Amino acid sequence: MTTQTGHTPGPWNVEWPYILGADKRQTVVAEIVGAVSNETAKADARLIAAAPDLLTLAREVAGTRSSDAWGNVVDRARAAIAKAEANG
C-alpha cells in the first residue's frame, strides 16, 4: 500500500537495522548498512523513520493560514524533532 506520493504510509519505526512501516505486515521501508559508525547509523535510522511525520507537518505548515492553528503545528513539530533525535 502506498500513499498518493508513492511511499509507504507512516508512521515508520526503527527496529534495528530496519525502518518498518506501521502496516500489519511491517513492511521494510529501509535497511541501514555501511554507515561510518554504529551511532551514526542509528541516528540516520531515526531521521529516516521521522520522514513521514516531517512530510505531514510540512504539508500542514504550508496549508496553515490561521494563527489559531499554529499551537498544534508547533507541538507536532516538536514531536517530529524528538522522534528524529530519539528524545521522544
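Of the contacts in the protein chain with a separation of 6 or more, 39% join residues 24 or more positions apart; contact means heavy atoms within 4.5 Å. The model is predicted: local features need pLDDT of at least 70, side-chain atom pairs count only at pLDDT 80 or more, and totals for chains, interfaces and linings use all residues. Residues are numbered from 1 along each chain as its sequence is written, and side-chain values use heavy atoms, with hydrogens and water left out.

**Fold**
- The protein chain has two helices and three strands, in the order β-β-β-α-α from the N terminus.
- Helices (H or I, at least four residues) and strands (E, at least two) are DSSP runs, numbered from the N terminus.

**Surface and burial**
- The protein chain has an accessible surface of about 6000 Å², and carbon and sulfur atoms hold 53% of that area (Shrake-Rupley method, 1.4 Å probe).
- Of the 88 residues in the protein chain, 19% are buried (under 20% relative accessible area, 1.4 Å probe, protein chains only).

**Nonpolar patch**
- Val 61, Trp 70 and Val 74 make a nonpolar surface patch of about 210 Å² (residues with over 30% relative accessible area and no salt bridge, nonpolar side chains joined within 5 Å).
- A salt bridge is a side-chain nitrogen of Lys or Arg within 4 Å of a carboxyl oxygen of Asp or Glu.
- Val 61 lies in helix 1 (residues 38-63).
- Val 61 counts as partly exposed because its relative accessibility is 33%, between the limits of 20% and 50%.

**Ring contacts**
- Lys 42 lies over the face of Trp 16, at 5.8 Å from the ring centre (NZ of Lys within 6 Å of the centre and within 35 degrees of the ring normal).
- The whole structure has zero aromatic pairs (ring centres of Phe, Tyr and Trp, its six-membered ring, within 6.5 Å).

Methods: Patch = residues over 30% accessible without salt bridge, like charges linked within 9 Å, V, L, I, M, F, W, Y side chains within 5 Å. Phe/Tyr/Trp six-rings, centres within 6.5 Å; stacked < 30°, edge-to-face > 60°.
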